[in-house]
Amino acid sequence: MKWYDIDGNAKKWTKEAGEIIRNSFQNELLIHTKSAPDDLVTNMDKEIEQFFIKKINETYPEHQILGEEGFGNDIEELKGTVWIIDPIDGTMNFVHQQRNFAISVAVYEDGVGKIGLIYDVVLDELYHAMKGNGAFLNEEKLPVLKSTKVAEAVIGMNVTWVTENKRIDPTILAPLAKAVRGTRSYGSAALEMAYVATGRIDAYITLRLSPWDFAAGLIIVEELGGYVTTLKGEPLNLLAQNSVFVSKPGLHEEIMNNYLYKYKG
């Protein structure tokens with residue numbers, strides 16, 4: 001019953017946090033930049049993270065918390081029960097559009113993903129999974145992911161990675177962008193992973209994600225038989241930044257073998 005209790009509270013708190021965010025839309029945001037002009041943080045990011053920390057500490061004082069805004073614990077290893085939280089994934093969308101952002105909440109035990117929640121606040125869409133119990137969009141159970149070929153695939157990929165940049169030779173991904181049926185970029189890693197889970201897109205590729213960006217999506221996608229790896233095909237490090245490749249089965253192998261084999265990292 002432990003995980004059902006935690007799952008229930010996580011969903012309740014996530015919905016409450018979403019209500020706080022929706023009610024903030026008429027208020028003036030305090031916006032700051034972090035590492036770069038496009039790396040934004042608002043007072044709402046901080047308020048929502050602190051909301052979760054208060055709830056978790058009051059209910060599960062023995063649990064640890066890893067959060068994007070740094071109000072949680074200083075975690076060096078995933079021992080015991082650890083919550084990994086992104087209070088607003090897609091802050092630039094939140095600031096500019098007041099849509100296309102999500103709350104991402106994951107619960108791990110000794111490094112194993114147990115509960116994953118991605119909440120599209122504006123659309124009131126909650127993507128959720130508890131390990132071994134399937135994955136859902138609100139109350140609708142999601143089907144297991146089916147294999148797709150590159151020529152029929154729509155992939156989530158930022159244009160940054162096919163133009164001159166510091167992280168990858170653009171000639172690696174440009175041929176893939178030409179070969180697929182289409183590309184999309186939504187500006188929220190959590191939502192793009194959720195879209196792979198629902199089949200709205202078939203794969204998602206990016207070179208710079210932190211654990212709070214992908215921790216929940218990893219649980220949801222793998223519960224449906226999808227693959228979540230680095231661009232080298234290796235397991236993700238839940239305590240560091242990663243390149244991330246999320247995909248339906250079959251498609252993952254095709255892209256790894258025919259396109260990403262050139263990626264050196």
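Which residue of strand 14 is the bridge partner of Leu 209? In strand 14, Leu 209 has Asn 242 as its bridge partner. The model is predicted, so local features need pLDDT of at least 70, side-chain atom pairs count only at pLDDT 80 or more, and totals for chains, interfaces and linings use all residues. Residues are numbered from 1 along each chain as its sequence is written, and side-chain values use heavy atoms, with hydrogens and water left out.

Helices (H or I, at least four residues) and strands (E, at least two) are DSSP runs, numbered from the N terminus. Two strands pair if DSSP finds at least two bridges between them. Strand 12 (residues 203-209) runs antiparallel to strand 14 (residues 242-247). Five bridges join strand 12 to strand 14. Strand 13 (residues 227-229) also pairs with strand 14 in the antiparallel sense, over three bridges. Here Val 228 stands opposite Val 246.

Strand 14 is mostly covered, with six of its six residues buried. Buried means under 20% relative accessible area, exposed over 50%, and partly exposed in between (1.4 Å probe, protein chains only). In a regular strand the side chains alternate between the two faces of the sheet. Asn 242, Val 244 and Val 246 point one way from strand 14. Ser 243, Phe 245 and Ser 247 point the other way. Both sets are buried.

Strand 6 (residues 112-120) is mostly covered as well: seven of its nine residues are buried. Strand 5 (residues 102-109) pairs with strand 6 in the antiparallel sense over eight bridges. Ala 102 has Asp 120 of strand 6 as its bridge partner. The hairpin of strand 5 and strand 6 has two residues between the strands. In this hairpin Asp 110 takes a positive phi near 50°. Strand 6 also pairs with strand 7 (residues 125-130), again antiparallel, over six bridges. In strand 7, Glu 125 is the bridge partner of Asp 120. Four residues lie between the strands in the hairpin of strand 6 and strand 7, where Asp 124 takes a positive phi near 55°.

The axes of helix 5 (residues 189-198) and helix 6 (residues 211-223) come within 8 Å and cross at roughly 5°. Axes are lines fitted to C-alpha atoms, for helices over the stretch in contact, and angles run from 0 to 180 degrees between N-to-C directions. The two helices are therefore roughly parallel to each other; angles under 35 degrees count as such, over 145 as roughly antiparallel, 65 to 115 as roughly perpendicular and the rest as oblique.
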